[in-house]
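Let's take a friendly walk through a protein model, looking at how its pieces pack together. Have the picture open and follow along.

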2 protein chains.
Amino acid sequence: MYSASVTAPVNIATLKYWGKRDKSLNLPTNSSISVTLSQDDLRTLTTASASESFEKDQLWLNGKLESLDTPRTQACLADLRKLRASIEQSPDTPKLSQMKLHIVSENNFPTAAGLASSAAGFAALVSAIAKLYELPQDMSELSKIARKGSGSACRSLFGGFVAWEMGTLPDGQDSKAVEIAPLEHWPSLRAVILVVSDDKKDTPSTTGMQSTVATSDLFAHRIAEVVPQRFEAMKKAILDKDFPKFAELTMKDSNSFHAVCLDSYPPIFYLNDTSKKIIKMVETINQQEVVAAYTFDAGPNAVIYYDEANQDKVLSLLYKHFGHVPGWKTHYTAETPVAGVSRIIQTSIGPGPQETSESLTK
Amino acid sequence: MYSASVTAPVNIATLKYWGKRDKSLNLPTNSSISVTLSQDDLRTLTTASASESFEKDQLWLNGKLESLDTPRTQACLADLRKLRASIEQSPDTPKLSQMKLHIVSENNFPTAAGLASSAAGFAALVSAIAKLYELPQDMSELSKIARKGSGSACRSLFGGFVAWEMGTLPDGQDSKAVEIAPLEHWPSLRAVILVVSDDKKDTPSTTGMQSTVATSDLFAHRIAEVVPQRFEAMKKAILDKDFPKFAELTMKDSNSFHAVCLDSYPPIFYLNDTSKKIIKMVETINQQEVVAAYTFDAGPNAVIYYDEANQDKVLSLLYKHFGHVPGWKTHYTAETPVAGVSRIIQTSIGPGPQETSESLTK
């Protein structure tokens, strides 16, 4: 049996991916930018094994047998096997591409938290198999494969600040992740995730995206005019370590994304009244100087970025209202409890996928 | 003493006015469309009196002395006096333009309901004084004066279906209300207003509009592309009495307006979780056929339009969840109470300002 284990991180977009121009290849209608979060707090660990004795490809996710028979997972496996086959010319090289795979995967965070785990999941799957297969391709090349599993997964193949360049080719060969700046460029960036309770089921993001592309009258303008300018401006803000500018662009893009959701027909709502209270708190924190940036994905959870230097300023106000929920690493004064948040995750910017000696067995 | 009394209606836009190109003249960035509601349920009654014995212009609103010293009210009074002065050439004509005015005004609906009463208020003020002054100007001409008081007030000078043509002249002489179709064209149109409780103060609409114009990246596209097409399509749907089309355009425009609010920086939120539940209910009502149209102004209250023929279908589902609140004229089965609505107002399309023999004294 051959085996390799890798951990991969969660990433949270600061310039949102919303809209596919090709659904089966997960090709986006716009380029996006994300920050990779620390794997100490949020990661997927995946062990990929190949053996002559395996009868079929199988996946165990958090201890449960899951189907590998989805077109997206199949596309990833087929691409990886093809790359492996191309380096199996020598008779000494084991023919791993012809063996079945067992993939065992675990998240270190509760699925119930409603955090999009598919990005870390597909990034770990692709990285682990690439490691097992000893593929020579670089991370950008592998990101195209992860992208076919879940669009935003391509960004989890790098640490630090990552761009997903949308590309223009119909086959997606130029739609890949690239590093804007590594973790070491701005290691003091921090993030706090506020897990917001919600009584309704959110619209799945693939369904939501397609509805927005098909029905929103404002969407085309976001894609053609707003995002391209913001993409360049945000890259510059990151390279300049200009937090106020980075924060403004991040908050504006979150708002713009939720605006085109609301402009869809029927409208899609991801922000709830608690999300809005959190936005107001960030506005209060930022009253004198912009030191915090909120962003919301396809759900009510808030992610708030800040620099370590401003940690007390940012966290003390949030603690005031949410100090009663679990997850805090630093403590302040709890004053007026606000309902609607079930836990917080205090984390920071982190590296890309890592090899690990830890390994999972089903 | 000379005196005249008029009642004026509330109107609820189906194509929203959001954005001023001239703040002091209340000139809009886009044309808008509204339906005038019945004065049986919602109206302002205003008595305007002029007398040599009055020492100053005074206004009593719902029994309380209010200031007339706002630039907007002063602009209305100055315009009306100027028109009156131009017909006071004959020595027999009383010089009403030189006398002070007492204006007494009352709404037949609770101010606490949070229904924008300024449109009915300024429409009644301008109509009552125009009546007192026996001005020969038509309603479109008078609408330009009411517009200076409160932009949307210009639409309350007509009954039925009303367009406010934005105009292009810098002095606003072509920015006026016109009738698209009278009440008699589609008298079976009904409206139910769900008054939604909210614990936060909404952003005042003038402040909100200016923030949107200045900061939303999607707003320019709404104004340049989306609204002009929708304006023509909605006029056609009204003239064709095509309810499904009228409803779709109305709901889309409400969503578009709230989308550009959310795209403002900082974002403006008028819809709350109760508003969203009402949208979902309307989607349920419309599952087989579009028989109801929601629209939301600068606050969480919902206005739902429907045709009398579908009244049971529309109201029975709303009654199921909101049957426990006051205001229903027809009754169904109350099942699962949903919180967040404090009262409902069941009303219908109605006529423009009406002379009345009823008169108010301070």
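## Ground rules

Two strands count as paired if DSSP finds at least two bridges between them. Helices (H or I, at least four residues) and strands (E, at least two) are DSSP runs, numbered from the N terminus. This is a predicted model, where local features need pLDDT of at least 70 and side-chain atom pairs count only at pLDDT 80 or more, while totals for chains, interfaces and linings use all residues. Residues are numbered from 1 along each chain as its sequence is written, chains are lettered from A and ligands numbered from 1 in the order in which they are written, and side-chain values use heavy atoms, leaving out hydrogens and water.

## An open sheet in chain A

In chain A, 4 strands make an open sheet in the order 2-5-10-11, with antiparallel pairing. Strand 2 (11-15) and strand 11 (176-181) of chain A sit at the edges with a single partner strand each, so one side of each has no neighbour in the sheet. From one strand to the next, the twist averages 35°. (Axes are lines fitted to C-alpha atoms, for helices over the stretch in contact, and angles run from 0 to 180 degrees between N-to-C directions.)

Inside this sheet, strand 5 (residues 32-36) and strand 10 (residues 161-165) of chain A run antiparallel and are joined by 4 bridges. Touching, or contact, means heavy atoms within 4.5 Å.

## Two helices side by side in chain A

Two packed helices are described by the angle between their axes and the distance between the axes. For helix 1 (residues 71-85) and helix 2 (residues 118-132) of chain A, the axes come within 10 Å and cross at roughly 20°. That makes the two helices of chain A roughly parallel; angles under 35 degrees get that label, over 145 is roughly antiparallel, 65 to 115 roughly perpendicular, and the rest oblique.

On the helix 1 side of chain A, A:Thr73, A:Cys76, A:Leu77 and A:Leu80 make the contact, and on the helix 2 side it's A:Phe122, A:Leu125, A:Val126, A:Ile129 and A:Ala130. By class, that's 8 nonpolar, 1 polar and no charged residues. Here Ala, Val, Leu, Ile, Met, Phe, Trp, Tyr, Cys and Pro count as nonpolar, Asp, Glu, Lys and Arg as charged, and the others, Gly among them, as polar.

## A helix pair in chain B

Over in chain B, the axes of helix 1 (residues 71-85) and helix 3 (residues 139-149) come within 7 Å and cross at roughly 155°. These two helices of chain B are therefore roughly antiparallel. Their contact has 6 nonpolar, 1 polar and 3 charged residues.

B:Thr73 belongs to helix 1 of chain B. Is B:Thr73 buried or exposed? At 8% relative accessibility, B:Thr73 counts as buried. (Buried means under 20% relative accessible area, exposed over 50%, partly exposed in between, with a 1.4 Å probe and protein chains only.)

## Enclosed strands in chain B

In strand 9 (residues 100-107) of chain B, 6 of the 8 residues are buried, so the strand is largely enclosed by the rest of the structure. Strand 9 of chain B pairs with strand 6 (residues 43-51) of chain B in the antiparallel sense over 8 bridges, and with strand 7 (residues 58-61) of chain B in the parallel sense over 4 bridges.
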